[in-house]
Amino acid sequence: MKFTCLSKGGGFHFPPCHMLNVCGFRVLFDCPLDLSALTIFSPVPADSCTIGDEESSNFAVHEPVVDMEAGVRKKQKVEKPLDANSLIYSEPWYKTVNNLHLWNASFIDVVLISSPMGMLGLPYITRIKDFSAKIYVTDAAARVGQLMMEDLVSMHMEHRQFYGTEESSVPQWMKSEELDLLPSALKKVALGKDGAELGGWMPLYSAAHVKDCMMKVQRLRYAEEACYNGTLVIKACSSGLEIGSIFDSGHAMDFDYHALQGSDLILYSDFSTLLTSEDNEQSTFSDDNNNWEELAKSLCNNDESSEEREKLSFICSCAIDSVKSGGSVLIPIDRLGVSLLLLEQISMFLKSSDLKVPIYVISSVAEELLAYTNIIPEWLCKQRQEKLFSGESLFAHVELIKEKKIHVFPAVHSPKLFLRLGPAVHLLRRWSGDPNSLLVLEDEADADIALLPFKPMSMKVLQCSFLSGIKLQKVQPLLKTLQPKLVLFPEDLRNHVRFSNINSFSVSHYFENETLHIPSLKGSPELKITTDLASQLNWRNLEQRKLNITRLKGELLIEQGKHRLLSRNEQASSSQNRPFLHWGSPHPEDLLAVLSKMGINGHVERGMRDAESDEACIVHVQDPNKALIEVRATGTVISAADENLASRIFEAVVDVLEGI
Amino acid sequence: MAIECLVLGAGQEIGKSCVVVTINGKRIMFDCGMHMGYQDRRRYPDFSLISKTRDFDNALDCIIITHFHLDHVGALPYFTEVCGYRGPIYMTYPTKALAPLMLEDYRKVMVDQRGEEEQFTSAHIAECMKKVIAVDLKQSVQVDKDLQIRAYYAGHVLGAAMFYAKVGDSAMVYTGDYNMTPDRHLGAAQIDRLQLDLLITESTYAGTIRDSKYAREREFLKAVHKCVAGGGKVLIPTFALGRAQELCILLDDYWERMKLKVPIYFSAGLTIQANMYYKMLISWTSQKVKETYATHNAFDFKNVRNFDRSLIDAPSPCVLFATPGMISGGFSLEVFKRWAPDEMNLVTLPGYCVAGTIGHKLMSGKPTKIDLDKDTQIDVRCQIHQLSFSPHTDAKGIMDLVKFLSPKHVILVHGEKPKMATLKQRIQSELGIQCYDPANKDSVCVPSTHFVKAGASNAFIRSCLNPNFKFSKSSLEDKSDSGSQGMKSMPWLQISDDRVGEGILVLEKNKKTKVVHQDELLHMLGEQKHEIQFAYCCPVHIEKLEQTETTDLIPTNDKLSASDKSSVIKKLLVKLSSELSEANIHDFGEHIQLESFHVSICLKDNCPYRITDSLQSKSEAAFFCCSWSEADEKLARRIISIMENCNLT
């Protein structure tokens, strides 16, 4: 087995990406896009976009205070302070996992996608001509992922309309002299830490690519076992629930748990990938401390989820305050799970404060997304499932939309993407000067860059972070539950988690883009032979060696990594009972003795050498007919014109040899 | 060990489906239904047969319910709450959501309307459903260490599933009710090709082959349209779930297309409420319906509204869905009493009605009067339309499924005795699969597959996976074919990849039994392979060639040039090819190979394999040295006789 971490990823929006070589198959885990890198681009300049004005009538909008300067950026040779003008004014490109391009996509056998975020880069590899890997995605992740990609494409179109199509294949900003001009913060994003990541930038795929990509995807149901090539068993299960039931099965190779989207209450499309190989190897790969959140949920009590709930309540109360003071609240849709909960909670808060403030959801896919979340009870947590059984909608937004408390706009715009694409940009421009308004922003390292185009801002900004992975202290208890044989752990977290020596598993640490060879744990494969086949065997005893051997013939069936030998339908013909593998060297005298018993007589002629200079010994047979037997150490040749005689001699030769 | 199958219900009948299967020591109850035709204790399966001491928790490992129909789930609350079973119960999400509605509806009909003593209460139903574990399709569920179950899509009704159960090496499938053709809102049954010891299948339509259902759907729509156009009222007695939604999709769609304004009513809030469930569970419907979730959920019926009791005697036309189906009581009976005497009205009946219900009486003949009880008689003057489409598979579907799964044994349940017997015969004779049709309380025992374990070497596994292509020429034309007189019988190449798992099982004292490849065995033994070959130097008569008249091939064949050699070989090749048309002959120029048979021109003056004495015409013969291995002895002798008797020119 070989394991290569292609990218460690970066939080919720950019899950890690790995390549694993197991049982001769090349398996790619996730194919994400680093959307946070979008922040180096400038949003569409405000005054050239009239759509925002038309829409504004729909909202409780305060007069826009800040308008961006539009137009051509002035080039300056000295490094400028980081401000809105430093951003790149161009049609955005997208940053893929750079290291993935070093691999030949046509050699990938299996792609496992663990979350909608993990599939955003998928159209880039599915459009490669020789790409033929089987892609496994859960039903829910596939649907949501598809909507996100379609949304991305449609949001991008808006940008495109403004900038027009790029005339050359390499955009202006990617030229080295332009890159040199970038402020260092932006340069770091564009080129990566080592300055080698420029190759990862790609123009966005088209809607046709997305469609084509979705056609190639194999959708899995909850906890469905898929079997690749008879040997690799892949099972997708929610990362938040039912750990025990999956790991008790014992024979499974437990593998790489990606827990992704979602918050404490929502498990949909959070799942981990579980792999069983033919070899009954047991190993668990922990690849990132961020990936373990949902699994840990069931290990710990719900203090984490109550913490998350408090965060939500806090956001809601801030939102209410803002609304009461006449402001507006902008919540970019980041994580579907959090957004759905916020929708529910805010409307509850509004109701209890007796406020009649409309809630708008603006996205080209909002309607479908909201409808979809209501038809996937199988992927939700227990509490949500109970709603199904008692006949209520899974999420409150169904009723809220009916009661016209939530308005869904299938507008040309859609949610934010790091405040660069979509309607959030327009709304933010309008509201950023209003001190009563509120922007709810996920806590991101580069929030400064993200907000750059909107500065100065008098709008309040609430930054909050939600759990997007496992907490470090939960790693140990998790591993205790899983009982893996092998754990892979990121090198940079080596000092954060100390594995005691008493563990049943061995720990390897990995670096990004460095292949790790993993010792194979497999023994020889086990074969199961049907009893009806086993009962027909003719055993042969090799006395000197204290061995019993028998020839075995059947139909081999490899299923779910198990080998079974079934009896073949057409039964073995009589000739099969004769041995046809022989060894030993016959003494001509022994042979003569056996022959004479059969009434065949002859004499031995020794020491004949022929061209092959192999000591040969010839037995001449005269009676009952003329024949010749040429005996060597490694073979015997029988020559007789008489068919019957030949076969009798053959029997005699077999008799003096050992065989099976 | 064997698989034991105890039939507690639906044995040679339809109703109270319940089969208890013991498979490698694990005991599973499939379905726990009730019989609609009985009001006494016969309505439930005889649970005492499972455990004399009524210790059901230890007697059963789990219960699996295939779908929400009462004849599959009706006895469950009784079994869990009254009989006290507390073990796990599995059903799909829709079944778990919808079964309580069915049970509650039935309980109400029994208690409120028929005034019967209640077998279980609402609280019982709620308690019972709490014990249910919902599963998704294809989800592999490990019930315990040894028992694994999995649900497959069955069509029939929303959430209906076939269940696969596996213990150790033994596996089986219980189909429940299924439909092999998609209908208005559900897809067709879908299952993987599985290795099965036993298949238990329903056989409701064991003797029927149905054509397309669209014609019959049109008939139904026409009948309904005609009735409402003539100012009549249509009564559609159905159960709240399943058929009601299917017909509603049908009618709603028709109403849209025909722009009809006649109201469609649902009698109870029940069906409206059920639609709520259907909307959330839309991903369990057919692909076409499923896709409507985002735009207009197909279960958001546009023309459907709630019925009010006061509307029964309203003069205007309408369509009314009323529960229960089969008009066994309740609201559908109440409406039937009022509407039946008017010939303008129409009553539709489902394809199957249990004996003893009014539906059954209406189906048998054309009664003009029906005795409800000894005091009440109903005049029946309305039209009757029997729905002839059914959510069950027909005989062809059953045969298709059995053939597809190719289990070692088949047990038929949920059907009518004579038809089941016919189907059983067909399965045995056409498919060669053992088939049983046990009656209630009968027990069937079938052997299960068992395996012995052995280690296997990688070389063995690899050798088994190697493609083993066989090419054979065949000049066989389609003999039964009479329409292709003009066609010449062209030889065509048949390619088969018949992979053989062949190895040697080695049993050594104090060591694990191991399967190895034969080459590995020799290595293990430290021996060398000893090859036994046959050889024969065969004289072939050759007509003198004009140019080489004086220089006979033999004995001066050392002068034979390479081109001569190959021309002689070529001639032999042509000869052999014509004689052995089906054989696969390889021409290597210097020699010819046919399986292991190898022939080349012998240039030795004194070949040791030149055994034959009959060298009468030495001067006219060329010698061909042949060698072959034992496996091809027969073939070799045939070739030799051809060679000896031929005359190459």
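**Entry 1: the A/B contact**

I started with the contact between the two chains, which takes 66 residues from chain B and 73 from chain A; two residues count as in contact if their C-beta atoms, placed from the backbone, lie within 7 Å. This is a predicted model, where local features need pLDDT of at least 70 and side-chain atom pairs count only at pLDDT 80 or more, while totals for chains, interfaces and linings use all residues. For bookkeeping, residues are numbered from 1 along each chain as its sequence is written, and chains are lettered from A and ligands numbered from 1 in the order in which they are written.

I then looked up which elements of chain B touch chain A. Those supplying at least two residues each include helix H4 (93–113), strand E23 (451–456), strand E28 (531–542) and helix H17 (633–645). E26(B) gives the most, with eight residues. My helices (H or I, at least four residues) and strands (E, at least two) are DSSP runs, numbered from the N terminus.

By class, the chain B side has 33 nonpolar, 17 polar and 16 charged residues. The classes go like this: Ala, Val, Leu, Ile, Met, Phe, Trp, Tyr, Cys and Pro are nonpolar, Asp, Glu, Lys and Arg are charged, and the others, Gly among them, are polar.

Strand pairing also crosses between the chains: E22 of chain A (526–530) and E23(B) are antiparallel over five bridges. I call two strands paired if DSSP finds at least two bridges between them. A:Ile529 has B:Val452 as its bridge partner in E23(B).

**Entry 2: a sheet in chain B**

Next I traced an open sheet of seven strands in chain B, with the order E7-E8-E9-E10-E11-E20-E21 and mixed pairing. E7 (141–142) and E21 (434–436) of chain B stand at the edges with a single partner strand each, so one side of each has no neighbour in the sheet.

Inside the sheet I checked E11 (198–203) against E20 (409–415) of chain B: they run parallel and are joined by six bridges. B:Glu202 has its bridge partner in E20(B), namely B:Val413.

Which helix packs on the sheet, touching E11, E20 and E21 of chain B? I found H13 of chain B (417–431) there, its direction making about 160° with that of E20(B). H12 of chain B (395–405) lies across E10 (170–174), E11 and E20, at about 170° to E11(B). My axes are lines fitted to C-alpha atoms, for helices over the stretch in contact, and angles run from 0 to 180 degrees between N-to-C directions.

**Entry 3: two helix pairs**

The axes of H12(B) and H13(B) come within 11 Å and cross at roughly 40°. The two helices are therefore oblique to each other; on this scale, under 35 degrees is roughly parallel, over 145 roughly antiparallel, 65 to 115 roughly perpendicular and the rest oblique. Their contact joins B:Ala395, B:Ile398, B:Met399, B:Val402 and B:Lys403 in H12(B) to B:Leu423, B:Arg426, B:Ile427 and B:Leu431 in H13(B). I sorted that contact by class and got seven nonpolar, no polar and two charged residues.

For chain A I took H3 (139–163) and H6 (207–215), which pack at about 170° with axes 9 Å apart. That makes H3(A) roughly antiparallel to H6(A). A:Gln146, A:Met149, A:Glu150 and A:Val153 in H3(A) meet A:Ala207, A:Val210 and A:Met214 in H6(A). This contact has five nonpolar, one polar and one charged residues.

Chain A has 19 helices and 31 strands, and 47% of its 660 residues are buried. My cut-offs: buried means 20 or more other C-beta atoms within 10 Å of the residue's own, exposed 12 or fewer, partly exposed in between, with C-beta atoms placed from the backbone.

Then I looked at backbone torsions. Most residues other than glycine have a negative phi. A:Asp354 is not a glycine, yet has a positive phi of about 60°. A:Asp354 sits in the loop between H10 (336–352) and E15 (359–362) of chain A and is exposed, with 6 other C-beta atoms within 10 Å.

B:Lys259, also not a glycine, has a positive phi of about 55°. I placed B:Lys259 in the loop between H7 (243–258) and E13 (264–266) of chain B, and B:Lys259 is exposed, with 6 other C-beta atoms within 10 Å.
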